[in-house]
Amino acid sequence: MNKTISLNHCVIHVSNWKNSNAFYHDVLGAELVERGNGWAYRFGNMQLNCHGPDVVASPCAKLPVMPGGSDLCFIWADAIEDAVAHLKKHNIAIEVGPTPRFGSRGHGTSVYFRDPDGSLMEFISYVNCN
């Protein structure tokens, strides 16, 4: 097994570039990368490629990603209370949490919220978790 495999990108679908660009940049801290008629959202060495208005993907998954059909989790580097305050500052409603969860680094605490298209977003913090 190749032990150097890592995730390069995921694909989400957006229905409004202006709203999504503002959300992913202002709330999630993404670098906005122009790609042809659309955008990608970069987080360090990871990227979300976007299907959206005026973007025809080829090749495409058997069933294209639909707006609101994604479920993404982002690691929040500080305490989960800071993530809650950050979301409140941006008027983002929290659907669930803070609540204990198990993620890629073990036990953590998460809050769940939605992007402008309704996709489920999660911040997970591993600070102060055993």
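User: How much space lies in the largest pocket?
Analyst: The largest pocket holds about 460 Å³ of space. A pocket is an open set of points on a 1 Å grid over the protein atoms alone, where a 1.4 Å probe fits, with protein on both sides within 12 Å along at least five of seven lines. The volume is the space filled by probe spheres set on the points, which are joined across faces, edges and corners. This is a predicted model, in which local features need pLDDT of at least 70, side-chain atom pairs count only at pLDDT 80 or more, and totals for chains, interfaces and linings use all residues. Residues are numbered from 1 along each chain as its sequence is written, and side-chain values use heavy atoms, with hydrogens and water left out.

User: Which residues lie nearest its centre?
Analyst: Phe43, Met46, Cys73, Phe74 and Ile75 do, among 23 lining residues; lining residues have an atom within 4 Å of a point.

User: Which strand gives the largest share of that lining?
Analyst: Strand 5 does, with five residues. Strands are DSSP runs of E, at least two residues long, numbered from the N terminus.

User: Changing topic, in what order do the strands of the open sheet stand?
Analyst: The order is 5-8-7-6, with mixed pairing; two strands pair if DSSP finds at least two bridges between them. Strand 5 (71-76) and strand 6 (96-103) each have a single partner strand, so one side of each lacks a neighbour in the sheet.

User: And how many bridges join strand 7 to strand 8?
Analyst: Six, and these strands run antiparallel. Phenylalanine 113 stands opposite methionine 121 of strand 8.

Notes:
Helix = DSSP H or I, 4+ residues; strand = E, 2+ residues; numbered from the N terminus.
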